[in-house]
Amino acid sequence: MSSIADRIKEINASLPQGTRLVAVSKFHPVEAIQEAYDAGHRLFGENKVQELVAKKDLLPSDISWHFIGHLQTNKVKMIVPFVALIHSVDTEHLLKEIDKQAAACGRTVECLLEVHVAREETKFGFSPEEVRDLFASGAYKAYEHVKIVGIMGMASHVDDEGEIRKEFHALKTLFDEVKNNYAPAFRELSMGMSGDYHIAVEEGSTLVRIGTYIFGERLYV
Ligand SMILES: *Cc1c(COP(=O)(O)O)cnc(C)c1O
């Protein structure tokens with residue numbers, strides 16, 4: 001049986017230079033995170049505000065916490081003081097609230113826009129068109145305490161590798177378009193999970209978000 005440390009080492013060895021691993025520790029205990037930390041890992045992703053805040057207080061302060069889940073506006077202020085990157089900004093309303101709370105605590109918070117390209121219907125995320133509009137109109141400049149450094153997306157939950165690749169490719173195309181035309185500061189393309197990160201990396205991912213492969217199945221109780 002390989003350990004958490006072994007699996008992190010294995011994934012890191014397989015990633016190209018410039019692609020980083022976000023160890024998705026949601027639903028796993030602080031002991032598991034500490035094990036990854038002791039193996040040298042510092043970058044973790046959580047998708048629930050309360051869970052993140054509770055774990056953060058029990059773990060070393062040099063961990064870089066990424067928020068990857070749906071974020072309710074009334075909980076923004078709980079994570080804005082310390083979060084390193086919010087991957088999942090899915091509305092302009094949320095952007096506005098992050099900006100407000102970041103200003104209140106004197107920070108500029110780095111964010112990604114969540115974009116839906118998957119075939120599946122999802123409630124969350126911007127369409128590629130909305131992302132283009134936000135940049136083309138200059139509307140994003142109103143949020144001075146938010147720095148949008150890229151986009152995040154998920155591929156459809158299907159076995160068809162061609163479909164998954166096509167969706168990641170669409171995200172990369174959008175990323176390049178925005179970077180080249182409007183946002184030279186774009187540097188992160190967050191895509192790829194346990195089941196599809198190899199494809200995501202081939203299509204240009206800079207942040208892979210991997211949970212199950214590192215920590216095992218999550219127990220939802
Ligand atoms: C849970 C989660 C992951 C990790 O998924 P695994 O399949 O366990 O690797 C990645 N991204 C998001 C947004 C998640 O919620």
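This is a predicted model: local features need pLDDT of at least 70, side-chain atom pairs count only at pLDDT 80 or more; totals for chains, interfaces and linings use all residues.

Visitor: What is P60 in contact with, neighbours within four places in sequence aside?
Guide: P60 is in contact with Q34 and with Y37.

Visitor: Where in the chain does P60 lie?
Guide: P60 belongs to the loop that runs between α3 (49–56) and β3 (64–67).

Visitor: Why does P60 count as partly exposed?
Guide: Its relative accessibility is 21%, and the partly exposed class lies between the buried limit of under 20% and the exposed limit of over 50%.

Visitor: How far is P60 from A39 in space?
Guide: The C-alpha atoms of P60 and A39 are 13 Å apart, with a separation of 21 residues in sequence.

Visitor: Changing topic: how many disulfides are there?
Guide: The count is 0. A disulfide needs two cysteine sulfur atoms within 2.5 Å. For C105, the closest cysteine sulfur is that of C111, and at 12 Å it is too far away for a bond.

Visitor: Are those two cysteines buried or exposed?
Guide: C105 is partly exposed, because its relative accessible area is 36%. C111 is buried, since its relative accessibility is 0%.

Visitor: Now the aromatics. How many pairs does a search of the whole structure find?
Guide: The search finds 4 aromatic pairs. One of them joins F44 and W65 in a tilted arrangement, 6.0 Å between centres and 45° between planes. That pair links distant parts of the chain, as F44 is in strand β2 (residues 43–46) and W65 is in strand β3, 21 residues away.

Visitor: Is F44 buried or exposed, and what of W65?
Guide: F44 counts as buried at 0% relative accessibility, and W65 counts as buried at 3%.

Visitor: What about F135 and Y140?
Guide: F135 and Y140 also form a tilted pair, with 4.6 Å from centre to centre and 40° between the planes. F135 is buried, with a relative accessibility of 3%.

Visitor: Which residues do ring pairs link into a cluster?
Guide: The cluster consists of F135, Y140, F175 and F186.

Terms used
Residues are numbered from 1 along each chain as its sequence is written. Side-chain values use heavy atoms; hydrogens and water are left out. Helices (H or I, at least four residues) and strands (E, at least two) are DSSP runs, numbered from the N terminus. Buried means under 20% relative accessible area, exposed over 50%, partly exposed in between (1.4 Å probe, protein chains only). Contact means heavy atoms within 4.5 Å. Rings of Phe, Tyr and Trp (its six-membered ring) pair if their centres lie within 6.5 Å; planes under 30 degrees apart count as stacked, over 60 as edge-to-face and the rest as tilted.
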